[in-house]
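Dear colleague,

I am passing on the structure we spoke about, and below it you will find notes on what came out of going through it. Please read them with the model open beside you.

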Amino acid sequence: MLIAYGRRGFCGFTWPEAQGGAGLTVGDGFRVLRQISAIDLSHGLAIGLHNFLACQTILHHATPAAFARHGEPLISGRELAAFALTELSAGSDPRRIRSTAHQLADGSWRLRGRKIWSGLAAWGDVAAFFARAYDTDGRDLGITAFLLPLDAPGVVHLDEAVTMGLRSVVQSAFEVHDTVLGAEMMLGEAGRGLDVAQGSMMLCRLGVSVFSHAGMIRCLQAVSEYAAERTISTGSLAANPVVADLLEEHLALAHGLDLFLEGCFGMLDRGETIPAPVYVASKIVGPEIAFDAADASLQLMGGRGYIETNVVARVLRDLRVLRIFEGPTETLAAYLGSIASVKPATITEVLEATSAPDLVGVIAPVLDSIHPKRPENRGVSREEWQRRGHHAGLAIAMALFLAVARRQAATGVSAMGESDPVADARAIDALERALRQRVQALRPPSAAATTTDALTARIQLLVGDVREQRGGEQWSRDPVTDVPFVSGTEPDDSAGV
């Protein structure tokens with residue numbers, strides 16, 4: 001599938017035509033990706049993984065020698081690239097990577113490790129591989145990135161992960177056993193691996209909203225057509241006021257997501273830097289509103305929506321992972337809440353720079369709730385701080401999202417260069433309602449923690465000691481992280497993982 005896309009120029013969106021690319025701006029590349037994803041989200045994600053995650057990391061940081069060898073094949077689609085960061089012990093926190101790279105006397109590197117959930121790895125030719133590097137004296141240099149040929153001696157491909165959705169994209173694991181790479185295969189500098197990954201990962205957080213918008217509008221298209229033809233006891237399903245209100249709200253939010261994306265695309269194409277909190281807001285808000293729209297679409301279609309061959313059922317499954325990929329909603333919300341607590345100017349300055357100083361006042365209650373020096377916050381428990389940080393992060397994400405969308409609406413330009421002031425106004429109203437709900441969601445301290453043990457014990461009593469597993473597999477736990485895994489996939493300490 002990807003080879004066919006590559007022959008048509010879809011594997012080098014943003015690279016110059018002289019190098020075999022399509023010569024598109026980043027914004028135009030994302031627009032093309034959105035159109036492909038609206039037809040098939042799995043295909044769009046596969047192309048996005050190659051273009052915006054793996055290739056951006058590899059080709060921007062490869063040495064001249066490595067670029068000469070792999071640049072043109074990757075850009076033209078004759079080679080496919082994977083991104084190998086995730087490990088059993090390192091999911092949303094890549095600093096816990098256990099893969100290793102030991103420098104040898106001649107300057108080359110010996111790699112060992114195991115990667116999981118690596119998209120395209122089983123089909124790919126090379127991967128951006130991240131490991132903790134050690135010099136010849138055994139000193140820890142920090143996490144470092146390498147360009148790893150996936151057919152190199154010592155690379156062993158493991159089973160594909162059987163996922164809930166995105167069934168056209170292979171997610172698999174692989175091991176690296178004493179694979180030796182020359183010094184020219186390092187990406188960037190030793191110890192700067194996370195910096196090398198940062199730019200691509202931020203772009204992919206925006207890409208997650210692109211995929212979210214594609215799936216959202218596909219579901220709304222399907223349910224709108226269905227509702228127009230379906231007759232219920234009150235008449236046309238589309239004319240039922242409850243249904244009409246629901247569809248109008250989701251359509252408005254979809255348009256708001258479009259405004260947000262166009263605002264970000266414009267910043268990228270003008271060479272402006274998108275603030276990191278805006279990328280985080282993209283990853284939080286886009287998937288959440290898209291999944292809500294897909295779920296509502298399936299509900300409105302009733303039993304027909306639940307049928308396996310219905311497009312809404314497929315898109316619902318495919319969208320679900322976007323709330324997890326590139327940082328789960330909960331983790332990123334806690335992150336935004338944390339940085340707002342330590343340095344609120346990180347957030348308020350972004351709002352002011354996007355011509356939205358009034359939104360600082362809107363989120364003032366949540367900022368006050370996590371301000372460590374306010375008298376009313378003295379003596380707050382660690383658990384309550386975590387709860388407040390999470391709720392504050394969700395509200396902050398929506399405020400940042402709204403600020404970008406509102407600024408884009410003020411330009412009078414949305415998708416396809418068209419202007420629709422009425423749709424823009426409805427979209428902004430819907431986003432403002434969502435922001436108010438986030439602000440109001442901050443709850444008073446809860447005593448729930450005192451009942452958790454009792455509830456867990458009750459659930460265990462009702463369900464029993466039951467685990468689902470494939471025949472012959474045994475569940476165990478990683479001795480370092482206490483994370484459950486299936487035996488036979490645990491890290492092999494003798495391999496240096």
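Which residues does R388 touch, not counting residues up to four places away in sequence? They are S369, I370, N377, V380 and L442, where contact means heavy atoms within 4.5 Å. R388 has its place in helix α14, and with a relative accessible area of 12% it is buried; buried means under 20% relative accessible area, exposed means over 50%, and partly exposed lies in between, with a 1.4 Å probe and protein chains only.

Before going further, please keep in mind that this is a predicted model, in which local features need pLDDT of at least 70 and side-chain atom pairs count only at pLDDT 80 or more, while totals for chains, interfaces and linings use all residues. Residues are numbered from 1 along each chain as its sequence is written, and side-chain values use heavy atoms, with hydrogens and water left out.

As to the whole, the protein chain has 16 helices and 12 strands; helices (H or I, at least four residues) and strands (E, at least two) are DSSP runs, numbered from the N terminus. The radius of gyration of the protein chain, taken over C-alpha atoms, is 24 Å, close to the 23 Å that the globule rule gives for 497 residues, so the chain is as compact as a globular protein of that length; the globule rule is 2.2 Å times the number of residues to the power 0.38. Along its principal axes the C-alpha trace spans about 75 × 60 × 50 Å, and buried residues make up 51% of the 497 residues. Of the contacts between residues at least 6 apart in sequence, 73% join residues at least 24 apart. The protein chain exposes about 22900 Å², of which carbon and sulfur atoms supply 54%, the accessible areas coming from the Shrake-Rupley method with a 1.4 Å probe and, for residues, with only the protein chains shown counting as cover.

Just after α7, G302 takes a positive phi of about 60 degrees.

The salt bridges come next, a salt bridge being a side-chain nitrogen of Lys or Arg within 4 Å of a carboxyl oxygen of Asp or Glu. By this rule the count comes to 27 salt bridges. In one of them E175 pairs with R114, with the closest N and O atoms 2.2 Å apart. E175 lies in strand β7 (residues 171-181) and R114 in strand β3 (residues 109-119), so the pair ties together parts that are 61 residues apart in sequence, and both E175 and R114 are buried.

R406 forms a salt bridge with E432, the closest N and O atoms being 3.8 Å apart. Because R406 lies in helix α14 (residues 382-411) and E432 in helix α15 (residues 421-440), this pair ties together parts that are 26 residues apart in sequence. R406 counts as partly exposed at 21% relative accessibility, and E432 counts as partly exposed at 24%. Salt bridges that share partners also join D28, R31, R34, D258, E262 and D269 into one network.

R438 is found in helix α15 and is partly exposed, with a relative accessible area of 29%. Leaving aside its neighbours within four places in sequence, R438 is in contact with L394, A395 and M398.

Two backbone angles deserve a look in the viewer. Most residues other than glycine have a negative phi, yet W117, which is not a glycine, has a positive phi of about 50 degrees. W117 is found in strand β3 and is exposed, with a relative accessible area of 55%. D178, in strand β7, likewise has a positive phi, near 55 degrees, and at 40% relative accessibility D178 counts as partly exposed.

With kind regards
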